[in-house]
Amino acid sequence: MDKERAKQVQAAVCEAAKKLASSNLVVGTWGNISARLDDDYMVVTPSGMKYETLRPEDMVVVNMHDLTYEGSLKPTVETPMHARILLERPEIGAVVHTHSTYALVMAAAHKPIPPICDDQVQILGGEVRVARYTLPGTGDMAEAVTEALKGRMGALIANHGAVACGRNLDEALVAATVLEKAAQVYIGTQAVGGGVELSPEDIAFMYDFFMNKYGQR
Ligand SMILES: [Zn+2]
């Protein structure tokens, strides 16, 4: 492991955790973040700490294969899920997990978020599926969430919350915000007769555009 790169990623995860804490996506310490370090290691937020007082060195370097870690702080209890996603999806560089309110309304109802918003399909890849119910922090949850994430950058977790991914931390934070907003919009459309789904062709076009052509090159 490159120690210098580890320090950089720890600083980036710490900064992202503070941004997440000041968003409306988490209450208290109920959210966690990971970022890929290399093929074997990731950096994750520590378990149960106040985000306001986090320091870069508090971010835990974890071996994704056996979940061992260095240092005195324990990684988030949801470490198995972060590791499994990063191992199975090489294009994903960062994962944000929250229990944000509208996402949790959908997750508690075991209802997917249909593809009804342009930004939702651009950034998350389409319908946001619900991972089957599993106990938090288990390998079973890691497996269920990875399954629900197939071909997507976001998923709901039954009775629990949501997970959002990106190629980097900034994208993962945006994905978490877009997922929460899509859930809120979908719930809102129920009052006016329901949302209208985008076509698979338009979804594929917009997702490809975001992943391959969007932004300054
Ligand atoms: Zn959770």
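Colleague: Taking buried to mean under 20% relative accessible area, which residues of helix H5 are buried?

Modeller: In this predicted model, helix H5 (residues 139-148) has Met141, Ala142, Ala144, Val145, Thr146 and Ala148 as its buried residues.

Colleague: And what do the buried residues of H5 pack against?

Modeller: They pack against H2, strand S5 (130-131), S6 and S7. Val145 is one of the buried residues of H5, and beyond four places in sequence Val145 touches Met81, Ile85, Ala131, Ile157 and Val163.

Colleague: Two of those, Met81 and Ile85, are in H2. How many residues of H2 are buried?

Modeller: Of its 10 residues, 7 are buried, so H2 is mostly covered, given that buried means under 20% relative accessible area. The buried residues are Thr79, Pro80, Met81, His82, Ala83, Ile85 and Leu86.

Colleague: Which residues touch the most other members of the largest nonpolar core?

Modeller: Ile85, Ile113, Val145 and Leu156 do, in a core of 67 residues. Helix H6 (residues 169-189) gives the most to this core, with 10 residues.

Colleague: Let us turn to the metal. Which residues coordinate the zinc ion?

Modeller: Glu78, His97, His99 and His160 coordinate the zinc ion at 2.0 to 2.6 Å.

Colleague: How are the donor residues spaced in sequence?

Modeller: The spacing is E-x18-H-x1-H-x60-H. Glu78 and His160 link distant parts of the chain, being 82 residues apart. Glu78 lies in the loop between strand S3 (60-63) and helix H2 (79-88), and His160 in the loop between strand S6 (154-157) and strand S7 (161-166).

Colleague: Are Glu78 and His160 buried or exposed?

Modeller: Both Glu78 and His160 are buried.

Colleague: Another loop residue, then. Where does Ser100 lie?

Modeller: Ser100 is in the loop between strand S4 (94-98) and helix H3 (101-108).

Colleague: Why does Ser100 count as buried?

Modeller: Because its relative accessibility is 2%, and the cut-off for buried is under 20%.

Colleague: What is Ser100 in contact with, leaving aside its neighbours within four places in sequence?

Modeller: Ser100 is in contact with Leu25 and Glu180. The side chains of Ser100 and Glu180 are joined by a polar contact of 2.7 Å.

Colleague: Now the overall fold. How many helices and strands does the protein chain have?

Modeller: The protein chain has 7 helices and 7 strands. From the N terminus on, the elements run α-β-β-β-α-β-α-α-β-α-β-β-α-α. The radius of gyration is 17 Å, close to the 17 Å of the globule rule for 217 residues, so the protein chain is as compact as a globular protein of that length.

Colleague: Over what distances does the C-alpha trace extend along its principal axes?

Modeller: The C-alpha trace spans about 55 × 40 × 30 Å. Of the 217 residues, 49% count as buried.

Colleague: What is the accessible surface of the protein chain?

Modeller: It comes to about 10400 Å², with 54% belonging to carbon and sulfur atoms. As for contacts with a separation of 6 or more, 65% are accounted for by residues 24 or more positions apart.

Conventions:
Residues numbered from 1 in each chain as written. Predicted model: local features only at pLDDT ≥ 70, side-chain atom pairs only at ≥ 80, totals over all residues. Heavy atoms only, no water. Donors = N, O, S within 2.8 Å, 3.2 Å for Na, K, Ca; no water. Helix = DSSP H or I, 4+ residues; strand = E, 2+ residues; numbered from the N terminus. Buried < 20%, exposed > 50% of the residue type's maximum accessible area, 1.4 Å probe, protein only. Polar contact = N/O pair within 3.5 Å; in protein donor to acceptor, adjacent residues only side chain to side chain. Contact = heavy atoms within 4.5 Å. Rg over C-alpha atoms; globule rule 2.2 N^0.38 Å. Areas by Shrake-Rupley, 256 points an atom, 1.4 Å probe, with all protein chains shown as cover. Core = buried A, V, L, I, M, F, W, Y, C linked by side-chain atoms within 4.5 Å.
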